[in-house]
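Good morning, everyone. I have one structure for you today. Let me put it up.

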Amino acid sequence: MKIVSGALVAALSMVTSHAMAAGYGAAGCGLGSIVIGPKPGFMQVIAATTNGTFASQTFGITTGTSNCAEKGEKGDKAGDEEDTGVKKKKKEKKEKKKQQESSTVREQTDFVALNLNTLKRDAAKGEGDSLAALASTLGCDVAVYPQFTKSLQGAHAQIFAAKQPADVLKNIKTQVQANKALNDACDVASNDVALNK
Amino acid sequence: MIRRRAHRLGDALFALLLLVATVSVAQEQPRVEERVARLAATPAWRALLFYVPRLLRASDSVVDGPGFFLAGTGRTDALAELAATLAAFRAPIAPGKDDEHALCRYPARRAWLAGALPAEARAWPAPKCERLARWRDAFPVSYASLVFASNYLNVPASLFGHTFLRLHRPSLTPGGPPPPALLDAAVNFAANPTTDNPVAYAYLGLTGGFPGTFSLLPYYLKIQEYNDSESRDLWEYDLKLTPAEVVKLMDVLWEVGPHTISYYYIDENCSYIMLLVLDAVRPSLRLAPQFRLFATPGDTLRIAASAPGLLAPPKFRAASLTRFEAREAQLAPDERRLVKATFRAEDAGQPRPSYAGLAPARRAKALDAALDWIDYDEALAGQREAVKYKGLQDWLLAQRATLPAAAPLAIATPAARRPDLGPRSILVAAGGGRDYAARDYVSAEWRPTLHSLESPVLGFGDSLQIGFLDTEVRRLLASGRTEIESLKIFDCASLPGVRPMMTPLAWQFTVGAGREEFGAERLRRYVNGGPGLAFSPWDAPFKVYGLATLELGWSEAFRERWLAEPALVGGVLLPVRERFMASADWRVSRTYAEQGGRIDKKGRAQATWQVRGDTELKVYTEQLNGVASYGAQAGYFF
């Protein structure tokens with residue numbers, strides 16, 4: 001039996017080496033706020049799934065923000081340092097509102113970042129699960145999903161000319177704001193916050 | 001050793017003291033100790049602690065993390081854990097540390113004990129469980145599904161599929177439609193590998209060397225991982241839980257979520273743990289104790305499906321290849337040629353053919369197929385960008401965006417592959433027949449897992465073979481000799497059919513040992529494998545295939561020397577019914593050995609019939625160089 005189990009280990013490891021060679025990076029934290037590391041790529045996200053690196057403190061969602069909050073706060077700090085005086089004043093005014101909205105915007109940005117290829121494809125086709133999910137993330141009423149989809153398809157070139165997910169999100173919000181019916185039915189007022197990401 | 005024993009004794013005494021303290025204040029009934037002892041022995045309590053039956057020893061919990069237990073011996077002593085839990089529930093709240101009180105940390109135990117010991121519950125303090133409240137608020141769940149990701153041959157850890165939970169969010173407006181599926185959440189349990197060394201990985205994976213952890217993810221990440229990146233179909237089985245059970249599910253996850261469980265590839269794996277979670281939610285299910293020896297994810301489904309009123313019929317979420325095939329099926333032959341020519345031109349660096357000749361609606365369909373091919377070919381998922389066909393993709397997308405919106409792609413559920421309908425993994429069979437030397441024999445076979453190409457397609461389809469430790473023992477009636485006829489340590493084959501626009505490689509790989517078949521009664525140890533092609537001509541409901549294989553072996557029949565044996569294999573699989581498979585193959589081989597080579601021609605025909613879900617009958621006949629053998633076998637899956 002020892003020989004058999006030895007052979008089984010050998011057989012498994014032969015095929016495993018291929019999978020292990022991918023060299024997954026560190027990834028992960030709580031729901032809706034997955035950190036995109038320095039080397040973005042799907043395998044990194046996969047690592048979060050299969051390696052379960054963020055099950056540490058109460059399931060990664062204890063405080064609703066988990067270790068992602070840390071990353072988010074760091075990001076905001078970096079933003080502070082870059083801010084000029086004028087911008088800072090403006091920012092202080094909106095500070096309270098921002099705090100409420102920041103998690104929503106982070107969720108929106110993450111959704112766009114982590115679904116970018118799918119969104120690009122679905123938007124061109126004018127159909128797909130990712131568009132409804134994005135519309136929902138932007139707070140749109142179900143009734144305007146078809147219109148939302150149409151608007152994204154029509155402006156496909158402009159929207160996806162941007163390379164950064166935050167810019168793609170900004171472009172999408174601009175499209176929504178330009179359409180009165182969509183603007184009324186969606187909640188995209190927090191456009192400027194997305195820019196800070 | 002002595003110290004450990006003393007420690008255990010101390011724990012037991014402490015638990016007893018707590019119990020006595022609890023009892024003396026409780027004033028419920030005169031025989032509270034008995035009542036508590038009875039509670040500790042109930043399946044409901046033991047399921048909350050993730051206790052499992054063990055072979056040859058007392059049952060204990062699979063949870064490793066010490067933080068999960070309140071008693072030092074909680075992992076092995078359910079009564080001590082119950083006493084410690086009751087004591088902790090009564091303990092005063094540390095100022096400002098409400099969230100750390102046991103009542104906040106163990107909401108599932110709390111709810112269950114409050115129901116079982118209402119008078120006792122009145123003596124508990126009322127901590128403000130803010131973190132728990134936030135988890136519930138941030139995470140409203142209307143119902144849950146058990147999701148099966150189909151078998152994936154490219155990664156050994158995924159050979160047998162995978163299961164996880166999907167948590168459905170409630171509608172945003174009362175009575176409104178459910179929110180988009182992508183925004184639901186998934187609860188996954190997986191090994192957390194601590195090594196990159198493949199040998200260590202396999203060894204530790206089999207022996208429980210990796211801590212298994214729970215994770216909570218957006219469902220879209222799981223869809224990306226399985227559907228898009230690995231091209232695996234997803235089967236979603238809604239769990240018919242009551243609202244109270246959904247709350248309990250979330251409470252159970254809250255309790256066990258942060259703790260580790262040693263991950264055993266064979267038994268204490270992702271699927272088994274999901275069953276333990278379901279048992280904790282509804283103790284009357286008793287799903288986990290139904291496992292014997294192995295727990296494959298498919299078995300999880302079959303066991304869960306056999307529990308009355310637990311699973312709804314599955315919904316199918318198509319893999320990227322399945323989606324492409326559906327797109328391809330919508331195209332006319334000239335449109336398929338155009339799409340194919342597009343990729344040929346791109347690969348050759350030539351100008352792209354124009355789609356302008358097609359009417360807009362047809363053009364949209366052709367472009368959609370081409371785009372889906374890029375998704376499949378480059379395993380594009382979520383944030384991953386095309387590399388090989390980046391320019392082509394942009395070119396196609398720009399054209400597609402100017403055309404009418406597509407109708408949602410309708411993909412029929414491939415009912416024959418519905419994973420809960422297949423037989424369980426372990427096959428034990430007995431049979432008999434006459435071998436090439438005209439000797440009668442009786443045989444016994446044990447195939448721990450999972451599926452053979454010659455078996456009926458139900459639950460698995462017609463292109464996959466996965467076997468581990470498939471062993472057949474024969475006893476010759478005349479001589480009374482009993483010998484191992486065949487032992488296949490690892491036996492895998494994949495026969496994906498050639499499609500109009502793609503030519504996937506078929507392949508086969510086997511490691512094992514077996515008797516030489518020309519009556520020499522000698523053992524051959526071998527590694528065998530090779531590539532080939534499979535196709536269903538004219539989309540007919542059967543599959544023909546051809547393989548070119550090479551076997552390297554060491555055989556007693558060739559004076560205990562090494563041998564090499566190239567062979568050509570041709571075969572046909574005819575799934576007459578979902579539960580009835582007829583198959584035939586023909587193999588010609590040339591053996592090269594230091595002492596004496598040979599040429600063999602071998603044919604085989606077999607019919608396999610699954611009676612109900614758990615019994616399999618098969619008859620077969622073989623011809624080796626003009627000499628016939630035949631046999632029959634009856635097997636039981638469990």
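Start with a disulfide. The torsion about the S-S bond of B:Cys104 and B:Cys129 is about -80°, so this disulfide is left-handed. Its two ends sit in distant parts of the chain: B:Cys104 is in helix α5 (residues 102-105) of chain B, and B:Cys129 is in the loop between α7 (118-121) and α8 (130-138), 25 residues apart. The S to S distance is 2.0 Å. A disulfide here is a pair of cysteine sulfur atoms within 2.5 Å. Both B:Cys104 and B:Cys129 are buried. Buried means under 20% relative accessible area, exposed over 50%, and partly exposed in between, with a 1.4 Å probe and protein chains only.

A word on conventions. This is a predicted model, where local features need pLDDT of at least 70, side-chain atom pairs count only at pLDDT 80 or more, and totals for chains, interfaces and linings use all residues. Residues are numbered from 1 along each chain as its sequence is written, chains are lettered from A and ligands numbered from 1 in the order in which they are written, and side-chain values use heavy atoms, with hydrogens and water left out.

How many disulfides are there over all chains? Two. The other link joins A:Cys140 to A:Cys186, again with S to S at 2.0 Å. This link is right-handed, with 110° about the S-S bond. A:Cys140 lies in the loop between α6 (129-137) and α7 (145-154) of chain A, and A:Cys186 in the loop between α10 (180-185) and α11 (191-196), so the pair ties together parts 46 residues apart in sequence. A:Cys140 and A:Cys186 are both buried.

Now chain A as a whole. It has 11 helices and zero strands. Helices (H or I, at least four residues) and strands (E, at least two) are DSSP runs, numbered from the N terminus. Of its 197 residues, 52% count as buried. Take the contacts, meaning heavy atoms within 4.5 Å. Among those in chain A with a separation of 6 or more, 60% come from residues 24 or more positions apart.

On to chain B, and helix α16 (residues 360-377). At 1.5 Å a residue, its 18 residues should span 26 Å, and its end C-alpha atoms are 25 Å apart, which agrees. That expected span is 1.5 Å times one less than the number of residues. Buried residues of α16(B) include B:Leu367, B:Leu371, B:Trp373 and B:Ile374. What covers the buried residues? The cover includes α5 (116-125) of chain A, together with α14 (320-329), α15 (333-348) and α17 (390-400) of chain B. After α16(B) comes B:Ala379, with a positive phi near 50°.

Next, the sheet. Seven strands of chain B form an open sheet, in the order β8-β6-β5-β4-β3-β7-β9, with antiparallel pairing. Strands β8 (261-263) and β9 (315-317) are the edges, each pairing on one side only. Two strands pair if DSSP finds at least two bridges between them. Within the sheet, β5 (residues 185-191) and β6 (residues 210-218) of chain B pair over seven bridges. B:Ala185 stands opposite B:Pro218 in β6(B).

Last, the hairpin of β1(B) and β2(B). Three bridges join β1 (residues 51-54) to β2 (residues 57-61), running antiparallel. B:Arg54 stands opposite B:Arg57. Two residues lie between the strands, and B:Leu56 takes a positive phi near 65°.
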